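Welcome! Please have a look at the structure below, then read on for a short tour.

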Amino acid sequence: MSKCNIPFSRSSPIYPTPRIPYHLTYMTLSPEQLIESLQWRYATKAFDAEKKIPADTWATIEESMLLTPSSFGLQPWKFIVITDQTIKDSLLAQSWGQAQVTQCSHMVVLCAKDTMEKNDIEAWLHRLVEVRGADRESLNDYAAMMHGFFGSMDETQTLSWAKNQVYIALGQLMTSAAVLGIDACPLEGIVPPEYDRILGLEGTGYTTTVGCAMGYRSSEDKYASLAKVRYTRDQILESL
Ligand SMILES: Cc1cc2nc3c(=O)[nH]c(=O)nc-3n(C[C@H](O)[C@H](O)[C@H](O)COP(=O)(O)O)c2cc1C
């Protein structure tokens, strides 16, 4: 994993919460800029295969993936970043022939953790103690709550929970990309078991959930200029 070189990372080796948010001290993303970025982004159908995402920009995107929040903080996922052209090419036939997979600069495969066992919860608590210097004993109630939560679910429900978390990461990934001017195409049109086989995930405890091709849009992509289609505010939003 490359190290992120954005300023707030210097204050701590882990994931610091800056006292004053970075955007307020270094630059401000205005409401207009945010909406402009979200309008600008679209599910890119054709990438410019010659254009690669620079390493520092990519490091920031990776950092944003790592900062994704999750239920209990358990992070039941793995993110596989593919730049190897041969591997990207081999995914094409398992991606409904969607060329974004081979044209993109970076292909991210977001994988969900199959199970959440006692030792997984312990590993997370260990990490909490490590980072925050907390006393393990003080986390007993929290541990009991997690054990109770997962104890009440079968394997299918646990995997479904994990996949829900993975989709939060996908959302964060796409929004971060948009703000940084990187194009992306989320891809559910893939064959997860075949991805698992190609990426050597079988037996690892992780399973392919969704893909995201990332890079720069091709000037030929006619989808870039299409109007965004969303339901109206009244149809979606309720204010009480
Ligand atoms: C979870 C998810 C899976 C998607 N899978 C595909 C896909 O396999 N291929 C594709 O071209 N677009 C895919 N899309 C893109 C959607 O069709 C697109 O986001 C939607 O039509 C809204 O358009 P916009 O993203 O351009 O604003 C997917 C989007 C999401 C959120």
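This is a predicted model: local features need pLDDT of at least 70, side-chain atom pairs count only at pLDDT 80 or more; totals for chains, interfaces and linings use all residues.

Residues are numbered from 1 along each chain as its sequence is written.

**Around the ligand**
- The residues surrounding the ligand include Tyr42, Lys45, Gln98, Cys185 and Val210; a residue is near a molecule if its C-beta atom, placed from the backbone, lies within 6 Å of it.
- Strand β3 (residues 183-187) gives the most to this shell, with three residues; strands are DSSP runs of E with at least two residues, and helices are runs of H or I with at least four, numbered from the N terminus.

**Helix α3**
- Helix α3 (residues 55-66) has twelve residues and reaches 16 Å from its first C-alpha to its last.
- Its buried residues are Trp58, Thr60, Ile61 and Glu62, where buried means that 20 or more other C-beta atoms lie within 10 Å of the residue's own, all placed from the backbone.
- Among the elements covering these buried residues are β2 (106-113) and α8 (155-179).

**Strands side by side**
- Strand β4 (residues 206-215) is mostly covered, as ten of its ten residues are buried.
- β2 and β4 run antiparallel and are joined by eight bridges; two strands pair if DSSP finds at least two bridges between them.
- Leu110 stands opposite Val210 in β4, and Val210 is also one of the residues around the ligand.
- β3 pairs with β4 in the antiparallel sense over five bridges, with Asp183 opposite Gly215 in β4.

Technical notes: The expected span of a helix is 1.5 Å times one less than its number of residues. A residue is buried if 20 or more other C-beta atoms lie within 10 Å of its own, exposed if 12 or fewer, and partly exposed in between; C-beta atoms are placed from the backbone. Two residues are in contact if their C-beta atoms, placed from the backbone, lie within 7 Å.
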